[in-house]
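Please read the following report with the sequence and the 3D view side by side, and look up each residue as its name comes up.

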Amino acid sequence: MSTAPTADRDDTGLFIRALRYADPVVRALESELQLDYAERYGDPDEGPIFPEEFTPPEGLFLVGFVGNEPVATGGFRKHGDGVAEIKRMYVAHEHRGGGHARRLLAELEAHAVRAGYTSVVLETGLKQPEAMALYQSSGYTPTDPYGYYSEAEFSRFFTKNLDDAASA
């Protein structure tokens, strides 16, 4: 898979590359994310993830860089016919608040549209209020629970119609 940037740097200096989920850069950020989950919830995320799910054309995993430093991650995988699921959104602590998550989310949505998806779903938790605020301010609305955490009391589920996003 190419490691060429998928978008030019924005005004925050972020540029985004597609990487394999098994790439060492992704694995290092994933370790940080799991520590964050453990701090917030007491345990890392145990939901099943298979690296091949993030392989084009049905999936993709992106990493945002500031200079040579990887600072943000996120990917999508097939959830159903025409529906992608966004997973593993994360921004390193020292880079939060700079718009990187919003930029990465928009890039994931654009790639999902190019992959033929018409909507996306995602799951996040009550102990991640900044994530819930990002998704809601980005046009996501609550949806029915699904998947591994469908019965978890701290989980919240969101969806977005990408047809609406593409025409906006």
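What follows is a description of a predicted model, in which the coordinates come from a prediction.

**The fold as a whole**

The protein chain contains four helices and eight strands, and when these elements are read along the sequence they follow the pattern β-β-α-β-β-β-α-β-α-β-β-α. Of the 168 residues in the protein chain, 44% are buried.

**Aromatic rings**

A pair of aromatic rings is described by two quantities, namely the distance of the centres and the angle of the planes. The structure holds eight aromatic pairs, and two of these are set out in the table.

| Pair | Distance of centres | Angle of planes | Arrangement |
|---|---|---|---|
| Tyr21 and Phe54 | 5.0 Å | 25° | stacked |
| Phe76 and Tyr117 | 5.8 Å | 80° | edge-to-face |

Why does the pair of Tyr21 and Phe54 count as stacked? Planes under 30 degrees apart count as stacked, and the planes of Tyr21 and Phe54 are at 25°, so this pair falls into that class. The pair links distant parts of the chain, for Tyr21 is in the loop between β2 (14-18) and α1 (24-41), while Phe54 is in the loop between α1 and β3 (60-66), 33 residues apart. Tyr21 counts as buried because its relative accessibility is 5%, and Phe54 is likewise buried, with a relative accessible area of 1%. Together with Phe61, Tyr21 and Phe54 form one aromatic cluster.

The rings of Phe76 and Tyr117 are arranged in another way: planes over 60 degrees apart count as edge-to-face, and the planes of this pair are at 80°, so the pair is edge-to-face. Here, too, distant parts of the chain are linked, since Phe76 is in strand β4 (residues 69-80) and Tyr117 is in the loop between α2 (100-114) and β6, 41 residues apart. Phe76 counts as buried at 2% relative accessibility, and Tyr117 is buried as well, with a relative accessible area of 7%.

Arg17 lies over the face of Phe65, at 4.2 Å from the ring centre, and the charged end of Lys127 sits over the ring of Phe154, 4.9 Å from its centre.

The largest pocket holds about 870 Å³ of space. Of the 38 residues that line this pocket, Tyr37, Met89, Thr124, Gln128 and Ala131 are the closest to its centre. The elements that give two or more residues to the lining are α1, β5 (83-91), α2, β6 and α3 (129-137), and β5 gives the most, with six residues. By class, the lining of the largest pocket has 17 nonpolar, ten polar and eleven charged residues.

The second largest pocket contains about 180 Å³ of space, and 14 residues line it, of which Arg77, Glu85, Lys87, Gly147 and Tyr148 lie nearest its centre. β4 and β5 each supply at least two residues of this lining, which by class has six nonpolar, three polar and five charged residues.

**Two residues to look at**

Which residues does Thr124 contact beyond its neighbours within four places in sequence? Thr124, which lies in strand β6 (residues 119-125), is in contact with Ala131, Met132, Tyr135, Phe154, Ser155, Arg156 and Phe158. Two of these names have already come up, as Ala131 is among the residues closest to the centre of the largest pocket and Phe154 has the charged end of Lys127 over its ring. Thr124 itself counts as buried, because its relative accessibility is 4%, and the limit for a buried residue is under 20%.

Glu53 is found in the loop between α1 and β3, and with a relative accessible area of 25% it is partly exposed. Not counting residues up to four places away in sequence, Glu53 touches Glu58, Gly59, Phe76 and Arg77. The C-alpha atoms of Glu53 and Arg77 are separated by 5.4 Å, although these residues are 24 residues apart along the chain. Arg77 is also one of the residues nearest the centre of the second largest pocket, and Phe76 belongs to the edge-to-face pair with Tyr117.

Technical notes
Residues numbered from 1 in each chain as written. Predicted model: local features only at pLDDT ≥ 70, side-chain atom pairs only at ≥ 80, totals over all residues. Heavy atoms only, no water. Buried < 20%, exposed > 50% of the residue type's maximum accessible area, 1.4 Å probe, protein only. Contact = heavy atoms within 4.5 Å. Phe/Tyr/Trp six-rings, centres within 6.5 Å; stacked < 30°, edge-to-face > 60°. Lys NZ or Arg CZ within 6 Å of the ring centre and 35° of its normal. 1 Å grid on protein atoms, 1.4 Å probe; cavity = no way out; pocket = protein on both sides within 12 Å on 5 of 7 lines; lining within 4 Å. Points joined across faces, edges and corners; volume = space filled by probe spheres on them. Nonpolar A, V, L, I, M, F, W, Y, C, P; charged D, E, K, R; others polar.
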